[in-house]
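You asked for a quick read of this one before you dig in. Here are my notes, in the order I'd look at things.

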Amino acid sequence: MNKKDLRAFIRMQKGMFSVEQLQNMSDDIIRRLMAHPRIKNANAILMYYSLDDEVNTHAAVDQLVSLGKRVLLPAVISDTEMELRCYEGPKDLEGGFFHIMEPVGRRFDDYDQIDVAVVPGMGFDGRMNRLGRGRGYYDRMLPKLTRAYKIGICFDFQKMPGIPTEENDVKVDEVL
């Protein structure tokens, strides 16, 4: 399958579940993420504020802040770029570029300080390849995170036997 067909297939699979079912499936993934040694030992963590059809990260984002971690969230600033912003609590969120809740905190661009990046994806394969939503935001940003350990998180049905890759696609280090 090509990337477009894989995305359509995964969207169809996501549509078979209610938001509540996806939330229930998210709970175990987030528990494993929060118990991960890399997360426990990290000072600065790049997270994402999930959409309804993604592993729900909302409580984890706030829990990481309460644990004293520096939490960074991406904010889309154009058709091709996103930037990172500091997140200190729900007051730092508002509807963004694609009507996604995004941070309005101060900009963060000291990428070498990021210990862990938690990365969403439409799908992942056993070779740690990631299939994004097709706009390339993460593929342009992740190479800047030269020190960060990259953890992809997804539902079991998003694990694919193989994902077609291109030169600019960025692998993750681990998938939960």
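This is a predicted model: local features need pLDDT of at least 70, side-chain atom pairs count only at pLDDT 80 or more; totals for chains, interfaces and linings use all residues.

1. Start with helix 1, which covers residues 3–14.

2. Now look at which way helix 1 faces. Its buried residues are Lys3, Leu6, Arg7, Ile10, Gln13 and Lys14. They take up an arc of only 125 degrees around the axis, so they sit on the same side of helix 1. Among the elements covering them are helix 2 (19–35), strand 8 (123–125), strand 9 (130–131) and strand 11 (159–160).

3. Helix 2 comes next, with 17 residues. From first C-alpha to last it reaches 24 Å, close to the 24 Å expected at 1.5 Å a residue. Where does helix 2 bend? Look at serine 26, where the bend is about 25 degrees.

4. Serine 26 also turns up among the buried residues of helix 2, along with Leu22, Ile29, Ile30, Leu33 and Met34. The cover over these buried residues includes helix 1, helix 3 (37–41), helix 4 (58–66), strand 7 (116–119) and strand 10 (149–152).

5. Three of the strands make an open sheet in the order 9-8-11, and the pairing is mixed. Strand 9 and strand 11 are the edges, each pairing on one side only. Strand 8 and strand 11 run parallel and are joined by two bridges. If you want a place to look, phenylalanine 124 has lysine 159 in strand 11 as its bridge partner.

6. Last, have a look at valine 55, in the loop between strand 1 (44–46) and helix 4. Is valine 55 buried or exposed? Its relative accessible area is 2%, and buried means under 20%, so valine 55 counts as buried. Leaving out residues up to four places away in sequence, valine 55 touches Ser26, Ile29 and Ile30, as well as Tyr48, Ser50, Ile153, Cys154 and Phe155. Ser26, Ile29 and Ile30 are buried residues of helix 2. As for proline 74, 19 residues away along the chain, its C-alpha atom is 16 Å from that of valine 55.

How values were computed. Residues are numbered from 1 along each chain as its sequence is written. Side-chain values use heavy atoms; hydrogens and water are left out. Helices (H or I, at least four residues) and strands (E, at least two) are DSSP runs, numbered from the N terminus. The expected span of a helix is 1.5 Å times one less than its number of residues. Buried means under 20% relative accessible area, exposed over 50%, partly exposed in between (1.4 Å probe, protein chains only). The arc is that of the directions from the helix axis to the C-beta atoms. Contact means heavy atoms within 4.5 Å. The bend at a residue is the angle between axes fitted to the seven residues ending there and the seven starting there. Two strands pair if DSSP finds at least two bridges between them.
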